[in-house]
Each structure stands twice: as structure tokens, then as C-alpha cells.
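I opened my notebook to look up salt bridges today. Here is the structure, followed by my entries.

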Amino acid sequence: MRRIPPAIKIIFCILVTFLTISNFQPLPAKSQENQTPAPVANVDLGGSFAQLGVKGSILICDRNHNKCYQHNALRNSQAFSPASTFKIFNSLVALETGVIPNDVAVLTWDGIQREFPSWNQDTNIRQAFKNSTVWFYQVLARKIGYQRMKQFIQQVGYGDAQIGTPEQIDRFWLEGPLQITPRQQIEFLQRLQRKELPFSQRTLDLVQDIMVYEHTPEYILRGKTGWAARRKPNIGWFVGYLEQKNNVYFFATNIDIRNNDDLPTRIEITRRSFKILGLL
């Protein structure tokens with residue numbers, strides 16, 4: 001057998017090394033599912049705010065494509081009182097601790113006439129969530145108690161996790177000190193939908209069912225409105241997620257509320273933004 005000269009062996013090794021390097025492609029970075037994807041700026045969601053004459057922000061995150069769309073990035077990182085959007089968290093803790101055993105157990109109305117007629121009646125958690133009945137959730141918070149509420153909020157990392165003193169147990173989400181950013185709302189909702197929060201399967205399933213805002217053959221919209229009327233300026237929320245086309249779109253809409261006429265705008269802006277994205 002004829003022997004290969006050393007010079008040819010060296011040339012052959014160099015050639016193989018060059019071809020290996022030229023065809024090398026780095027592995028994609030490991031996806032970080034627990035982090036909100038970075039917003040993308042190729043869709044304009046600001047037109048609806050201008051058309052409806054309100055100031056605010058919106059953040060929508062597409063689960064399957066790992067990207068977000070937004071208007072007013074600065075505001076989406078600004079903290080506000082969660083107001084009645086906190087009813088999502090309050091429901092989780094109340095059901096998990098058993099202070100309300102299920103979605104049909106009724107709390108008796110105290111007879112005090114309040115501003116919304118739907119509040120002035122005996123009610124269960126499903127009705128109270130839909131009607132945003134403040135007194136009902138204040139009763140739940142007092143039954144949960146300061147220490148248990150604080151423990152759950154810190155464990156979950158909800159907003160800035162500040163609930164004040166024991167005397168503030170039934171109003172810390174309405175008057176402060178608790179605050180949350182739109183981006184943190186999205187992160188909380190993502191963990192809720194993925195069932196990664198420290199609650200039982202039963203509790204997570206029940207609260208997500210209570211959250212259903214609209215259910216059609218084409219989509220399911222789960223969400224909760226909020227109105228921080230005890231702080232200045234008044235802030236309006238609509239947060240939740242849309243299940244459509246085998247995908248989930250998480251959203252957090254936040255606007256300045258000048259008067260009662262602005263309240264429906266929270267939902268209208270969200271709908272218009274989804275339509276811009278080819279949804280609903």
C-alpha cells in the first residue's frame with residue numbers, strides 16, 4: 001500500500017477543519033418561559049387611544065410566537081393600584097384557604113345601600129366577580145387575615161407585594177400601598193394560565209372559569225376590569241387573556257379615567273387592539 005506523504009496529511013486536516021468551522025451554527029438560546037417576551041414595535045396600537053380621546057397604555061403578549069405588542073412602553077412599566085383586578089388574586093386565596101368553600105356559597109349582604117344596585121344583595125363569588133362587588137371581597141380579605149394574605153402575596157410575588165398594616169387588610173388594593181405594573185399583570189396572568197402559581201388544581205381551574213368574560217364558538221375571553229377611584233388620578237384597568245386559534249393572548253389595558261363615560265373605553269380599546277392583530 002502506497003504511503004501518503006506527511007504534507008498531504010496536513011493539507012487534508014486543514015481542509016476538514018475549515019469545512020467544519022464554516023458549517024458551524026450556534027444553538028438557539030434557551031427560551032425563558034417565565035419571562036415576558038420583549039415587545040415588538042411593528043404594530044401601531046396607539047390609534048384607538050387617540051380616536052377615543054384617552055391617555056393610557058396596552059400590552060398584548062402572544063404565547064405561541066413569544067412576542068408582545070404595546071402602546072406606551074413607559075406606562076407599561078409604571079406601577080398603579082390594581083383596584084378590582086386584584087379580585088383574581090383574592091379569589092385564588094379565598095378558595096385555597098377555604099374561607100369561601102366554592103363558587104356557589106353565599107355571603108349575606110349587610111343591608112348597607114351602596115352605589116351599584118347589583119351590590120345590594122346576597123351573593124356568591126361568581127356573581128361578586130362579575131359585578132365587581134367590593135364589600136364581598138373585603139369580607140373575604142378579612143376572613144383570610146393579614147398574615148395569610150401577606151404570605152401568599154410574597155410567595156407569588158404579586159406586584160410590589162406591599163399590603164400595608166393589618167388595619168389595611170380590606171382596602172390595600174383599593175387605596176394602597178399595593179401597586180402593580182401592566183407588565184407585572186401580564187406575568188401574573190401567564191403563570192395563572194400555565195397553572196404555575198402555588199394553588200391547587202381545583203382552585204386554579206375554578207378561578208379561570210369564574211374569569212370567563214365572553215365565550216363564543218370562536219374564542220374565550222377571560223378578564224377582569226378595575227377602577228382605582230380612590231386614588232388621583234383615577235385609573236382604569238382591563239386585564240386577562242384571549243384564547244383563540246389554538247393560541248393565548250395575554251393583555252393589560254390601563255387608562256386614565258376622567259369620568260364614568262370613560263369606563264367602557266377600557267374594553268373598547270382592548271377589542272380594537274385585538275382586531276388590529278387580526279383577532280376577534
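Which residue forms a salt bridge with Arg230? I found that Arg230 pairs with Glu175, and the closest N and O atoms are 3.0 Å apart. A salt bridge here is a side-chain nitrogen of Lys or Arg within 4 Å of a carboxyl oxygen of Asp or Glu.

Before going on, I noted that this is a predicted model, where local features need pLDDT of at least 70, side-chain atom pairs count only at pLDDT 80 or more, and totals for chains, interfaces and linings use all residues. Residues are numbered from 1 along each chain as its sequence is written, and side-chain values use heavy atoms, with hydrogens and water left out.

Next I checked where the two partners sit. Arg230 lies in the loop between strand S7 (219-228) and strand S8 (235-244), while Glu175 is in helix H8 (residues 172-175), so this pair ties together parts 55 residues apart in sequence. Helices (H or I, at least four residues) and strands (E, at least two) are DSSP runs, numbered from the N terminus.

I then looked up exposure (buried is under 20% relative accessible area, exposed over 50%, partly exposed in between, with a 1.4 Å probe and protein chains only). Arg230 is partly exposed at 46%, and Glu175 is partly exposed at 37%.

Glu175 also meets Arg171 in a salt bridge (3.4 Å, N to O). I wrote down a network of salt bridges linking Arg142, Asp170, Arg171, Glu175 and Arg230.

My last pair was Arg272 and Glu268, with a salt bridge at 2.9 Å, N to O. They are four residues apart in helix H11 (residues 265-276), separated by about one helical turn.
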